[in-house]
Amino acid sequence: MRLVVGYLATPSGEDGLALGAQLARSLGAQLDICMVLPPDRTVPARVPAETGYDDILASRAQRWLDEAKSSVPSDIDVDVHLSFHDSFAQGLIDEVSRLGAQAIVVGAAGDGLLGRHSVGSVSTELLHSAHVPLALAPRGYRHSSAKKIREVTCALGTRTGADVLLRTAVRTCERMQTPLRLVSLVALDPQNDLRDHRDTPDDIRDRAVAHAQSTLEVAKSALPEDFPVSVTIADGSSVESAVRTLDWQDGDLVMVGSSRLAQPHRLFLGSTAAKMLRVLPVPMVVVPKQEFENINGSHG
């Protein structure tokens, strides 16, 4: 199994690398640190073209990759790759295909100042074009002291695609040997299938509890009998406030499904997941809504 980390020699790049190392250790996977450079650098006409410029750039990038590799703990199998593409995101996707990797890991933060996750241009492009799960590390995740993933939280709604997400979360937890927490955000979704205009807040919560309980039973049936699984209802006046009521610890991970608006075998961040992302202090993994060469793939 292989995980591709999209790397830049920046704090956000280090955030992604830290998450990649945690995931690789937890999943028993190889870590492939990938840097993508633009194929042609535009040099102003008044500046004499330096024939060795591309070689200098590539050499510097290779040094950054070597430094990144040396920072990864020795118990993790790691390799580095330098490639060229106009689009960093598409270059990463090409590397995923070439290496047979099962997921992409990046630091989510762009230059924004609000929230732990401030999705940058590369993350945004990957969220519209990746065909494998995308793991997003929040700002500052390079300071995490967790060696492995502690617990997986699966945020489930009622729309089509939750079954794929649940199966992916179950398989991931089995491989990681981590507990699974199911969180129902049904009550927070104003267009969910369980809401009626005559509902009172208590009615809505009762349905959310019933939905979460049924989801828990489905999850239990797919897990070993003694596998640790819990269920939680997240209440709040908004998605953001509900997420804040949940207990989060270092090493936790959230898995969400791709939006129903996604193209087949592509990701698309739905409105609920996007709101969650604004306040989550832990990494988020976005899973395609169709079956894919899953995160438990047998490669490598």
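Reply: Let us begin with helix 8, whose buried residues are covered by elements that include strand 5 (134–137), strand 6 (151–156), helix 7 (239–245), strand 9 (252–257) and strand 10 (284–287). The model is predicted, so local features need pLDDT of at least 70 and side-chain atom pairs count only at pLDDT 80 or more, while totals for chains, interfaces and linings use all residues. Residues are numbered from 1 along each chain as its sequence is written, and side-chain values use heavy atoms, with hydrogens and water left out.

Me: Which residues of helix 8 (residues 271–279) are called buried, and what makes a residue buried?

Reply: They are Ala273, Met276, Leu277 and Val279, and each is called buried because its relative accessible area is under 20%, with over 50% counting as exposed and the range in between as partly exposed (1.4 Å probe, protein chains only).

Me: Why is Arg181 said to lie over the face of Trp248?

Reply: The distance from the ring centre is 4.7 Å, and a charge sits over a ring if NZ of Lys or CZ of Arg is within 6 Å of the ring centre and within 35 degrees of the ring normal, so Arg181 qualifies.

Me: With which residues is Leu23 in contact, leaving aside its neighbours within four places in sequence?

Reply: Leu23 is in contact (heavy atoms within 4.5 Å) with Leu3, Val105, Ala135, Ile149, Met176 and Leu253, those neighbours being left aside.

Me: Which helix gives the most to the lining of the second largest pocket?

Reply: Helix 1 does, with 6 residues.

Note on methods:
Helices (H or I, at least four residues) and strands (E, at least two) are DSSP runs, numbered from the N terminus.
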